[in-house]
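Thanks for asking me to look this over with you.

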Amino acid sequence: MLDWGKIDTVLLDMDGTLLDLHFDTYFWLEHLPARYAETHALEPTQAREQLHDRIRRERGTLSWYCVDYWSEELGVDVAALKHEIGHKVAFRPHVQDFLRALKEQQIRSVIVTNAHRKSLDLKLAKTGLDQYVDRILVSHDFGLPKEDVQFWHRLQQEEPFDPARTLLVDDSLPVLQSARDYGIAELLSIVQPDSQQAERQIDEFRAIRHFDEIKPEKKK
């Protein structure tokens, strides 16, 4: 699927790509609505409907991913609530082996995430993910989400890479579309970002189930 001789840099999404998206799905669809209902004395169904409608309106914006924004908007400590279910943070299959293989082959690995730093800190504490990669960059530091093609221009200034010799792996199709518009040559999606949900049919981009499908082999 990939010619590793033509790839110098691998850009990697975190949630739904390296880590199981089930943590985030469960948090936003189950845990947050339940705790929001308790805090504001609402019926669970009413709280869930209010939250889902409010959150959907921010989809694709930086606010969608911002812990501080939602804490202020909803009147709850979102970061603290995430810690309550921190035990659900988990790697997707074969991720550690894949990241080790990149290091062995001296292929630069950079996590590029829309996650807020408070969410990132929780997940790093639970997984040690930062020990497996060369660098982690957060879209909030650039003032743009990855869905905006201008994000990649700013990223390239901070973390120089040759788009023609770069692989991006991301479960978000809008993010892959913006990266394609920027000119990143190799693009891969993830068939099943959330281990508790059904596999997706992805036609627009090549996609993998797990990272053992693209693990670089040792050089002879």
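**Notes on the model**

1. Let's begin with charge. The chain carries 29 positive and 39 negative side chains, and the centres of the two sets are 4 Å apart. Here Lys and Arg count as positive and Asp and Glu as negative, while His and the chain ends are not counted. Each charge is placed at NZ of Lys, CZ of Arg, CG of Asp or CD of Glu.

2. A word on the source. This is a predicted model, in which local features need pLDDT of at least 70 and side-chain atom pairs count only at pLDDT 80 or more, whereas totals for chains, interfaces and linings use all residues. Residues are numbered from 1 along each chain as its sequence is written, and side-chain values use heavy atoms, with hydrogens and water left out.

3. Next, the fold. The chain has eight helices and six strands, where helices (H or I, at least four residues) and strands (E, at least two) are DSSP runs numbered from the N terminus. Starting at the N terminus, their order is β-α-α-α-α-α-β-α-β-α-β-α-β-β. The radius of gyration (over C-alpha atoms) is 18 Å, close to the 17 Å that the globule rule gives for 220 residues, so the chain is as compact as a globular protein of that length. That rule is 2.2 Å times the number of residues to the power 0.38.

4. How much of the chain is buried? Of its 220 residues, 50% count as buried, meaning under 20% relative accessible area with a 1.4 Å probe, protein chains only.

5. Now look inside. The largest nonpolar core has 48 residues, of which Trp-4, Leu-32, Leu-99 and Phe-211 touch the most other members. Such a core is a set of buried Ala, Val, Leu, Ile, Met, Phe, Trp, Tyr and Cys residues joined through side-chain atoms within 4.5 Å. Helix H1 (residues 22-40) gives this core its largest share, six residues. Apart from it lies another core, of 18 residues, including Leu-155 and Phe-205.

6. Zoom in on Leu-32. Leaving aside neighbours within four places in sequence, Leu-32 is in contact (heavy atoms within 4.5 Å) with Phe-27, Leu-51, Ile-55, Leu-74, Val-76 and Leu-81.

7. Finally, find Tyr-182 in helix H8 (residues 173-182). Tyr-182 is buried, with a relative accessible area of 18%. Not counting residues up to four places away in sequence, Tyr-182 touches Val-149, Trp-152, His-153, Gln-156, Phe-161 and Pro-163.
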